[in-house]
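Please keep the sequence and the coordinates at hand while reading.

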Amino acid sequence: MILRELINEVLYQTKYMTNRVGIFGLSTMGKNLALNFVDKGVTVSVFNRTPSVTYSFLKENQHPNLVGFENLNDFISSLERPRIILLLIKSEAVEVVLNELSKLLDSEDYVVDLGNSYFLDSRDRHQRYRNKFNFVDCGISGGEEGARHGPSLVLGGSNFPAQVFDVLKLVSARFGDEFCLGYFEGDGAGHFVKMIHNAIEYAVMQSLTEIITLLFNLKEEQAEIIQKLRELEHRGMSSYLLGICINILEYDLENRILHRIVDEAGQKGTGKWCSQVSLDWGVGVPSITCAVEARQLSTYFNSLRSSPGIKVFNNSVLKPPSVEILYDVLNLCYLCFYDQALRLIAHANRNLGYKIDVSLVFKVWRAGCILAASHLNQLSQMFHNSNYLDLLSNMNLVERFSPSIQDKFRSLTHFVNCVSDSYSYAPVIFSVYNYLLGAFSNKRLGFSLIQAMRDFFGRHGVYLDGSGQLTNIEWKK
Ligand SMILES: NC(=O)c1ccc[n+]([C@@H]2O[C@H](COP(=O)([O-])OP(=O)(O)OC[C@H]3O[C@@H](n4cnc5c(N)ncnc54)[C@H](OP(=O)(O)O)[C@@H]3O)[C@@H](O)[C@H]2O)c1
């Protein structure tokens, strides 16, 4: 039997019914989201550019609520009006597909881009497709597991897409009886919040790696390291990422695989977008940028391993930091990552007209996403009715999130000393140390000298205390 006939046989069983949701793209995310909908009793039409993918998926997952199509027109005709099409495809392909869909859809239909698209592209798309169909940008988090059993979802757009919201509610993650699904007003705001999520994810992953790597470098027993990480969980630091670190180390204890994994890390670009935007907007996010650069540099650094260079040695007399120290370090890392991210959100609210409620952001991240962590509930409550504040600029919030910051900073200093004494690699934790010094140190930071040099060679002027006016100094007299 040729492929087309096989597909027809399996796919068109319910040709004359109309389905509630259409899923376009059947790779990891699309497949799992389709099955999630089916579990919730929703009828789903599926389509994939390469029909054999659709066929295999349907063959493995036969269900009366799941119907597949080889032809795009048939796929679209199979949907209830207004049609809701969820795109789960590579972000590079989104524009081509939207253009194709625009010829087949009506203005009341919805196309929801759930991929990791760049938020400024999505912002343009809201304008470009305005009269063709309702475009909705939507970030989906939680990877394969999230898509299958409940992702965290963040929607954007100038108008609240009520029908899409109701449909996505059926499959989203829940924290208690609250849905991890949020709408943020502004074209591209959903993809913006998703970008922020991924950027924090880079920083958290890097900081956990740096902590665990230090413990390894200080020759702490692996079982002991796992024990310390578990203690962190018990002390209120539990998070999805900490949990999977424990899983990985436990697996490694049995199977000894970590040391065989090439010491390089990949990335797909959402962290980089965040750093780029932060530079364009003049809103520094140094810890996020450090984490992005660390991954970029990992390939280069690894290529240098075989060349003779400076060899550093472990200082084996150093004691690995205690759980108390690690707790403080991780707490301050989170404080700085959120502060950096919130400053970007505040900028987008002020300058792009977004209305991103940060309390809601923390709420929808509480489950179904990679950032899920116990402290997010506390943060969402702290930011209730104080939407557009930065964290560090409000000592009240700092004291509530990170009480006795002075003592915690002492722990961080101890940790940083251990890192340098043992020649461990910890760019993100050093960035946190510097960020906190910048924010809280009562010493001068030295920028007057930078400005003096600028004035010396370029007559850019300086502000003298209390004058409020640019003044040039005659340095060379
Ligand atoms: N994987 C994750 O953990 C995860 C988590 C959150 C968000 N996301 C985002 O969700 C989206 C889907 O991710 P994924 O991992 O499931 O899939 P993916 O590997 O990013 O993309 C593969 C899908 O894109 C389709 N595609 C590629 N080029 C196309 C084109 N020119 N026209 C039409 N379709 C095209 C592929 O169709 P063919 O089979 O025909 O090649 C396939 O269905 C991506 O934007 C991704 O960044 C992924």
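In which strand is F184 found? In this predicted model, F184 belongs to strand β10, which covers residues 181-185.

**F184 and its surroundings**

F184 is buried, and its relative accessible area is 0%. When neighbours within four places in sequence are left aside, F184 is in contact with V154, L155, G156, G157, A189 and V193, and also with I356, D357, L360, V361 and V364. R400, by comparison, is 216 residues from F184 along the sequence, and the two C-alpha atoms are 26 Å apart in space.

**Domains and nonpolar cores**

The chain is divided into domain 1 (3-187), domain 2 (195-440) and domain 3 (449-477). Between the C-alpha centres of domain 1 and domain 3 there is a separation of 58 Å.

The largest nonpolar core has 90 residues, of which F192 and W365 touch the most other members. Helix α14, spanning residues 323-351, gives the most to this core, contributing 17 residues. The core also draws at least three residues from each of domain 1 (3-187) and domain 2 (195-440). A second, separate core is made of 34 residues, among them V38, V42, V44 and L86. In soluble globular proteins, nonpolar side chains tend to be buried together.

N65 itself is placed in the loop between α3 (51-60) and β3 (66-69). Is N65 buried or exposed? With a relative accessible area of 17%, N65 counts as buried, because the limit for that class is under 20%.

**W365, H197 and helix α9**

Apart from neighbours within four places in sequence, W365 is in contact with S152, V193, I196, H197, I200, L371, A372, A373 and L376. One of these residues, H197, lies in helix α9 and is buried, having a relative accessible area of 1%.

How many of the 29 residues of α9 are buried? The number is 24, so α9 is largely enclosed by the rest of the structure. Just after α9, K219 takes a positive phi of about 65°.

| Helix | Length | Span | Expected span |
|---|---|---|---|
| α9 | 29 residues | 42 Å | 42 Å |
| α12 (270-281) | 12 residues | 16 Å | 16 Å |

In α12, the buried residues are T270, G271, W273, C274, S275, V277 and S278. What covers the buried residues of α12 includes α6 (119-128), α9 (189-217), α13 (286-304) and α14. Just after α12, G282 takes a positive phi of about 70°.

S303 lies in helix α13, which is among the elements that cover the buried residues of α12. Its relative accessibility is 47%, and S303 therefore counts as partly exposed. A polar atom in the side chain of S303 lies 2.6 Å from the backbone oxygen of Y300. S303 and E264 are 39 residues apart in sequence, while their C-alpha atoms are 9.6 Å apart in space.

**The ligand**

Which of the 21 residues around the ligand come nearest? They are M29, N48, R49, T50 and I89. For T28, a polar backbone atom is 3.3 Å from a ligand oxygen, and for M29 a polar backbone atom is 2.8 Å from a ligand oxygen. In the case of N48, an N or O atom of the side chain is 2.7 Å from an oxygen atom of the ligand.

Methods: Residues are numbered from 1 along each chain as its sequence is written. This is a predicted model: local features need pLDDT of at least 70, side-chain atom pairs count only at pLDDT 80 or more; totals for chains, interfaces and linings use all residues. Side-chain values use heavy atoms; hydrogens and water are left out. A nonpolar core is a set of buried Ala, Val, Leu, Ile, Met, Phe, Trp, Tyr and Cys residues joined through side-chain atoms within 4.5 Å. Buried means under 20% relative accessible area, exposed over 50%, partly exposed in between (1.4 Å probe, protein chains only). Helices (H or I, at least four residues) and strands (E, at least two) are DSSP runs, numbered from the N terminus. Domain bounds come from an automatic or database domain assignment. Contact means heavy atoms within 4.5 Å. The expected span of a helix is 1.5 Å times one less than its number of residues. A residue is near a molecule or strand if one of its heavy atoms lies within 4 Å of it. A polar contact is a pair of N or O atoms within 3.5 Å; within protein, one must be able to donate a hydrogen and the other to accept it, and residues adjacent in sequence count only if both atoms are side-chain atoms.
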